[in-house]
Amino acid sequence: MLFCFALKMQRRYGDFFMEESLTSDLTEEQSKQLHDLLGNVKLSLLYKASVHGYQASAFHQRCDRQGPTLLVAYNRSGYIFGGYTSVDYTRNEQCITDEEAFLFSFQGKFPVYIKANSGHYARYDNAGMPNFGQQLYFCKNNQPVVYIRGGKSFSFNAERFYGNDTVLTECEVYKVKQSKSKPWRNIRWTSIRRDELMQMMRDHKPLVTSVSRVRILMIGPVGAGKSSFFNSINSIFTGHVTNKAMSGSAGTSLTTQFRTYPVKDGREGKPLPFVLCDTMGLEEQTGAGLDIEDISSILQGRVPDRYKFNPMVPFQPDEQNASRPASLQEKIHCVVYVIDASKISLMSDKLEEKLAVIHREISSLGIPQMVLMTKVDEACPYVEKDLYIIYLNSYIKSKVQEVSSRLGVPVSCVLPVKNYSQELELELNCDVLLLTALQQMLRLADDYLDDVDVL
């Protein structure tokens, strides 16, 4: 009798027990890499071919109308590849446009992703097994195979994508569920977004043809992270953490010269269309740190690279340069205040007054200004643990508002970041924050150049 009851329960709740026993074939590292492609999402395994069968009916029974899904296929040669679609499977016999769809393949440490070509459909939604662009078919004709037919929706090489091995050992489909938490500022935490931002930097062209590279001036108290920001941006484009500019946590400024730092697209690559200008740190004492008159000379493009500051004597151009007006190319096009998030509330009245004078001087010249709020990980232990929550964190939001109020800069122009300081390897969320801040700098510089060009 007990056996019959157990058998009856198994028949009634068989699907539940099977669901509970489903396990992914992805390693923890592979799962993390796919999360990096998709952002802050939860992956729930809906369908596993070795359990549910390779039949299209089984796939649609479990995956239809589930919202965004990720298909992961495995073949005999050890390749792991697949595709993502943000549009439901519904068997409506229609071509689907999906700008978020992509194919991916693990090739080395990181998965390579391939977006759909512009003007082409991402997939055809029918009663068969999944396809992407009617070009790449998974489990075609209910068989454990991958199949390619002619098509131009996606550009990929079969040899590199899955080693030309068409026999599958497994096929999984995951439901992709976005986080319900609403951030106070929207940002896409994905490796796709990081690559998009990097490409934007490469493709950027200043609005005025006489300016080949935007010049961005970094101003801030000693130890706030001006030099570290350059090192961090340089690290992203180099591909590993670098320390080209001298940085640290000394009590006095480690930067004693005016430095202009171009950034290359890779160690042997072309210079990118921006220059980060580093200055001596601001100090509250008179006769210490960067002088306000020196800042005016820098803004006007009169201070040469590697000029050594003298806090007791402001910069004086030589006779030849004094008579020659600086070109727009030599002037500063955007000013960035670099402020330590963990020390905002400790800022002295004297330093705040000094920043106010500088702010008025820059405003009189019409140069756009923004704030880089650094060391957010030191300001908040929750952000230190997980940088992703920075725009979900009310404490960091309050610090952004405090900086905005104290420096007279709009909240939209205060961007929190974490520089690379003790890390040995690059980190996705850190890169996205840094590149987003750099994007805002280039946009502000464009606004300035557009206004100057009109004049």
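Trainee: Is C63 buried or exposed?
Mentor: This is a predicted model. In it, C63 has 1% relative accessibility, so the residue counts as buried, the cut-off being under 20%.

Trainee: And C430, buried or exposed?
Mentor: C430 is buried, with a relative accessible area of 2%.

Trainee: Changing topic. What is the strand order in the open sheet of three strands?
Mentor: The order is β8-β9-β10, and the pairing is antiparallel. At the edges are β8 (131-132) and β10 (146-148), each of which pairs on one side only.

Trainee: How many bridges join β9 to β10?
Mentor: Three, with β9 covering residues 136-138. As for F138, its bridge partner in β10 is V146.

Trainee: Now the second largest pocket. What is its volume?
Mentor: About 600 Å³. Its lining has 24 residues, and those closest to the centre are L38, Q178, I187, R188 and T190.

Trainee: What kinds of residues make up that lining?
Mentor: Eleven are nonpolar, seven polar and six charged. Helices α3 (28-38) and α7 (191-203) each supply at least two residues of the lining.

Trainee: Where does the pocket lie relative to the domains?
Mentor: Between domain 1 (28-178) and domain 2 (191-453), because both give residues to the lining.

Notes. Residues are numbered from 1 along each chain as its sequence is written. This is a predicted model: local features need pLDDT of at least 70, side-chain atom pairs count only at pLDDT 80 or more; totals for chains, interfaces and linings use all residues. Side-chain values use heavy atoms; hydrogens and water are left out. Two strands pair if DSSP finds at least two bridges between them. Helices (H or I, at least four residues) and strands (E, at least two) are DSSP runs, numbered from the N terminus. Buried means under 20% relative accessible area, exposed over 50%, partly exposed in between (1.4 Å probe, protein chains only). On a 1 Å grid over the protein atoms alone, a cavity is a set of points where a 1.4 Å probe fits but cannot get out, and a pocket is an open set with protein on both sides within 12 Å along at least five of seven lines; lining residues have an atom within 4 Å of a point. Grid points are joined across faces, edges and corners, and a volume is the space filled by probe spheres set on the points. Ala, Val, Leu, Ile, Met, Phe, Trp, Tyr, Cys and Pro count as nonpolar, Asp, Glu, Lys and Arg as charged, and the others, Gly among them, as polar. Domain bounds come from an automatic or database domain assignment.
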